[in-house]
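Please open the model in your viewer and keep the selection tool at hand. The tour moves through the chain by selections.

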Amino acid sequence: MLDYMQYMTEHKHEQLVLCFDRDTGLRAFIGVHSTTLGPGLGGIRLWQYESSEAAMLDVLRLSEGMTYKAAVAGLALGGGKTVVMADGKEADPRIRAARFQALGRYIDSLNGRYIGAEDVGTKPADMVEIRKVTRHVTGLPVEQGGSGDPSPVTAFGVWRGIQALVEEVFHTDSLKGVRVAIQGLGKVGLGLAEHLMKDGAIVIGTDVFSEKIKAAQAKNVKVVDSDAIYDVDCDIFAPCALGAVLNADTIPRLKCKVVAGAANNQLAEPCHADMLESRGIVYAVDYVINAGGLINVAHEVARPYSAEAAYAKAGNIYHTIKRMLKLAENSHLTTRDAAQQMAMEALQQTVPTP
Ligand code: NAD
């Protein structure tokens, strides 16, 4: 079994909170990795874990990732995350609401060191329950003064990142005729496809749900089978569905020059960044290019929320990608290591403005 104290020491975590509520059956962990640049903001994930140890490791890993994501995006935020252990009973709306309120009391007890947000398995209605007991939560519906669905801002940020990559890798400032293969035509994937097609790019996509496929075809996306997406002859592969899709099986199949998409944790293992590099494929580092969603909720924290300001900041992903590429080239680093270095440098500087 992993020595969690040792893990937290090595990874420099600040805090791990075990949330147990006997009355509602809530079992959750809040991980606060760093508050150096500001409160640790990160999503609340509802997931069926094999054990509490697995949930604990996940929250520690994810909260650390949030520190780097916020730091590279230039936000006055640290890294935090919550995982809630699903057991099926949350299918009952009353139990679900009671559990999220119980979680809200734990979040409140941290006095703003951690701010929650929506994540895999949770929805705005869960944030509303949490908001009943604490103000330290974001991702509320627009009608309640929140920033609503972050996906359009994420898609916008990925599109801006792709513009920078096209300039640096293909030496053109036009997306006309650039072939992009999008895996996952959901909220972000389809939004990204629309931005790209407006610029004249050719979009090939895939999904596992027929409704998503139909919606994409109606917008002129050429659709291929889900496994065939790795073999598509394209300039850019954009993972917008699942994690760990860049691995020893898929990387040798890719025919692109750039990987740039919204999915989190795209590399199955860190070594796959080297594998991409040795194949001459430029990897846009998931947490750098997909920071639009975090940027959006960060602007909700700095109330009142301004969509204009959020989009302007997400647009800066263009410059961040350029900085990362330059650092990687000048210092002979993989883009993954360059991004990590940028995060470390940001953490050593004084607090940026929101
Ligand atoms: P979504 O659920 O709307 O879309 C994901 C799509 O991927 C779905 O349509 C799903 O059917 C499809 N899919 C699942 N498995 C697939 C497979 N094997 N092959 C092809 N398609 C598959 O989610 P989203 O909000 O669009 O987010 C997409 C990804 O980006 C996720 O990994 C998410 O964690 C990440 N992300 C999202 C945001 C955001 O603001 N929504 C922010 C940062 C990161």
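The stops below cover the domains, the ligand and a pocket.

This is a predicted model, in which local features need pLDDT of at least 70 and side-chain atom pairs count only at pLDDT 80 or more, while totals for chains, interfaces and linings use all residues. Residues are numbered from 1 along each chain as its sequence is written, and side-chain values use heavy atoms, with hydrogens and water left out.

Begin by colouring domain 1 (4–65 + 77–139) and domain 2 (151–290 + 321–345), whose bounds come from an automatic or database domain assignment; their C-alpha centres lie 29 Å apart.

A side-chain N or O atom of serine 151 is 3.2 Å from a nitrogen atom of the ligand.

Finally, turn to the second largest pocket, where 19 residues form the lining, each with an atom within 4 Å of a point on a 1 Å grid, in an open set where a 1.4 Å probe fits with protein on both sides within 12 Å along at least five of seven lines. Val282, Leu325, Ala328, Glu329 and Thr335 lie nearest the centre of this pocket.

Definitions and conventions:
Polar contact = N/O pair within 3.5 Å; in protein donor to acceptor, adjacent residues only side chain to side chain.
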